[in-house]
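Here is a short report on one structure. Please look it over first.

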Amino acid sequence: MKQMTKALFGAAAMVALMAGPALAQEPLKLEVFHWWTSGGEAAAVQEFAKEFNAAGGQWVDTAIGGSGSTARPIGINRIIGGDPPGAMQFNTGTQIDELAAQGLLRNLDDVAAKEGWKEALPPAFYEAIVRDGHVMAAPVNNHGQNWLWYNKALLEKNGIAEPTTWDEFFAAGDKLKAAGVIPVAVGGQPWQLNLMFNSILLGEGGKDLYMKVYKDLDPAAVSSPEFKKVAETFGKLRDYSDPGNANRDWNVATGMVISGKAGFQFMGDWAKGEFVLANQVAGKDFGCILGPGEKNFVMGGDVFIFPKLKDEQGTKAQDLLATVFMSKDAQVKFNAKKGSVPVRLDVDNSQLDACAKIGVEVLKDPAKQIPATDILASQDIVQSLQDVVGEYWATPTMTADEFVGKWNDTVAQAK
Amino acid sequence: MKTRRRMNVATYVALFPAFIVVVFAYLGTMLWTVQISFTESKLLPTFAFAGTRQYERLFATSRWSISLENMVIFGVGLIAVCLVLGFLLAAALDQKIRFENTFRTIFLYPYAMSFIVTGLAWQWILNPTLGLQQYVRNLGWTDFQFDWIIRSDRAIYVVIIAGVWQASGLIMALMLSGLRGIDQELWKAAKIDGIPTWRVYVNIIIPMLRPTIITSVVLLSLAVVRVYDLVLALSGGGPGISTDVPAKFILDYLFGRANIGLATAASSILLVIVLVIITPWLYYEYFRPKRERR
Amino acid sequence: MATATMTAGTAALEPSGPRPKKLTADRVGLYVFLVIAAAFFLLPMYVMIVTSLKPMSEIRLGNIFSLPEAWTIEPWLQAWNSACTGLNCGGIKVGFWNSIRILVPSVIISIFIGALTGYALSLWRARGSNLLFAVLLLGAFLPYQVFIYPLVRIYSSVGIYGTMAGIVVTHTIFGLPLMTLLFRNYYASLPIELFKAARVDGGGFWAIFFRLMLPMSTPIIIVAVILQVTGIWNDFLFGVVFAGRENLPMTVQLNNIVNSTQGEKLYNVNMAATILTALVPLVVYFVSGRWFVRGIAAGAVKG
């Protein structure tokens, strides 16, 4: 009798052991749709996937490369076609407006309230994810767009200190020209030129002008003498880059700074990836400045939206993923690999590299947190203005006044 | 009598797939395109009527008129050069030369490759700092200039060069198949009559290749109207906006800028232009009463 | 060669000497032309191959024409096996079989329907057939991306969105105008007597198509195969929108490798990946060459 009871107990225990994990650990599968496909980006996404899987989820990856303008329409078509992914990447800003307005996305109010998103995020970013009073997206990073990178060896060799004003910058450029080096490595694609232009707008024109131009879309601000000066400074830069800059990839331009062919490059913080790939160290081989001029941090970044799913498991998985995205641990790990800065202001930043640390310092002041143009205006306006900037750059005979005129016309039509 | 009706049914059955495709896919899309062009649609289609606002904006956008201009320049250039080069290459390959297979594959391979990366290679080659200009200068000819790609007024010609590179192999293949279909007796007869070779080509062979030439022109025209990858990879539509083409304009607004109202307006205009051009040809080719063949 | 026999035949009657210069100059000119043309066509390929064999440190120096100093086939291995295309770093081989699975039925069906339609349009009467053809041709000029949204709606209402059927139907739709044009012109150029004779013999629509026309279509089928294989193999947008997650073609991996914007760009891997992707159409071109010659000559003599 005792034997049998023991055996029965043993069997029951074994069954319980086997069934137990099976019952408790049904992983929450979720398809995540994004455009991070390069080696460095993939390593960063791994961090999120690892955290998600460790927390009981199962990350199903769908990546479509190409800066988002390829991936977004594909993802949107999937939502329309009735086969939505569980989570989808967008850039922080106005891109999610219509999807939210049409009720295709679920809100994250519960998760946001529970995890204290409002307190942890820069106010501009929190506003950027709220539509109609509901939290509609989970931000994951904070990319600085207005960095100025330089080759330390070149500057030292020519006795140039880090420029803090635009005048100092042009002086530095002259010295480099005299030494036979291309002062600024430019990639003549409209979006890159626009980044450069915005750097000048912020650094020379100032934060208020920038906001009036992009947020308020105020034509008077564009016609002002300050804006005109910004346009002229931008035009001046043509002489400080080489003629072959047309349609040059930003990576090739960074390559020029790395190899010492050029001294400076205006580019967002993703340029760090190229330096790192070439085994260069921040602060030692290359330097980084937010500016020159007024030191501000132009914040852009990526968010994830969550289309409405039909099944409950999916929705639970979405909750889990949203929590993971904004969790302190995952934020630090992801951004350390991505080159951007964690979007939460309350995390431990000791692991970040020298340049990211500079960025974090500047971000501590809310007045210096500047939303990127993606957050302030529609893609239509932003990209149409990029056309104008690109045209101005490629046409040395265009005057600053003509440029201003075109700018205002474009905005008027696109509104 | 009975047989005739049966045969007619068969014809309709055979044409049924094409019919479905035309009505649902093509007509359906064309009608949808025109409809959306009259709405305020941005990212997603809506029915908010906008009158002719999208068209007004379209005509006021310098990028659009530049892109139409470029399409014409590119079209004329590409079709003319491809036809001539394709024919010359085909005629050359038809001469019983050695290594015909190798040459033919060399001329045809560009068509096989995705232009996004081959375009990048061309971009590097044409770049004055990186490519041909610098290379030739390093060899000694310090005055050599070939910087068309960065000049707003010349950049479109560079796009033609890249387009010719990509497409003439296919035209050559078509012409070659046409040439090979011509009876060898014809050549012998012409030789006996003492007609010089070039004359045989111009007066006899080329007219015989008419159907092939027409197919080539249609193929190339399709490529011209839809050209996108080429421009994107080579010049990005620049410098500035000087090499913009309609397909790139439409796509930028359709996808990147989330303004399908404007994109469909542009598509509709494009459709109208194409309609105006090909209707006369279609009428001549297929609709006018023919001398009876059947 | 004819010249050789001529010289040999007349050797007994005339002193053998250098061949008439005119002939040689022409031939030389011909080869010079071909070689120069070949150089033009091969130039980008040279840059691509040379770049794909260099390490990134050399590429950064920007000497695009120089031969590699530190040869490496790493980029090729990476492109095939281990390049990152998202979370998965499995290179382009991941989608290879999917591409094949999409290619074969799409090529066969699109060419078949094109041939059938071209045959019906060129040799038979049906009301409105010319109008059908006109709309088909006109529609071909519309940028194909504009079709995406309407097709997504149509497919999802019929239930084939995101399936293999969906992508095959899509390729058929977009191949139809050109295929119909090709076959229509081809059949119209064949001697009409053949057709009339077959009708007199009692052949019906289908019999004539399968027993007479198709067998005679070899040359044009080759051209059609070249066009369709290239177009379908290199297609990216339709594959990624309509084929469904399990059937994503190789071009998706290629796109992910080549088109990362904010990440680092490994140009050597990109070039290697592009060449690898192009191998399938290239093989088709090379192999189809022989058919080009034979089929057409046969068709011409038959008339």
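How many residues of chain C are in contact with chain B? There are 96 of them, and they meet 91 residues of chain B. Contact means heavy atoms within 4.5 Å.

## Basis

This is a predicted model, in which local features need pLDDT of at least 70, side-chain atom pairs count only at pLDDT 80 or more, and totals for chains, interfaces and linings use all residues. Residues are numbered from 1 along each chain as its sequence is written, chains are lettered from A and ligands numbered from 1 in the order in which they are written, and side-chain values use heavy atoms, with hydrogens and water left out.

## Chains C and B

The two chains bury about 8800 Å² between them. Buried area is the accessible area (1.4 Å probe) that two parts lose on being put together, summed over both. Carbon and sulfur atoms carry 80% of it. Phe41(C), Leu138(C) and Phe141(C) supply 9% of the area that chain C buries here, more than any other three residues.

## A sheet in chain A

Chain A has an open sheet of four strands, ordered β9-β10-β8-β11, with mixed pairing. Strands are DSSP runs of E, at least two residues long, numbered from the N terminus; two strands pair if DSSP finds at least two bridges between them. The edge strands are β9 (182–184) and β11 (286–290) of chain A.

Strands β8 and β10 of chain A pair in the antiparallel sense over four bridges. Trp149(A) has Gln265(A) in β10(A) as its bridge partner.
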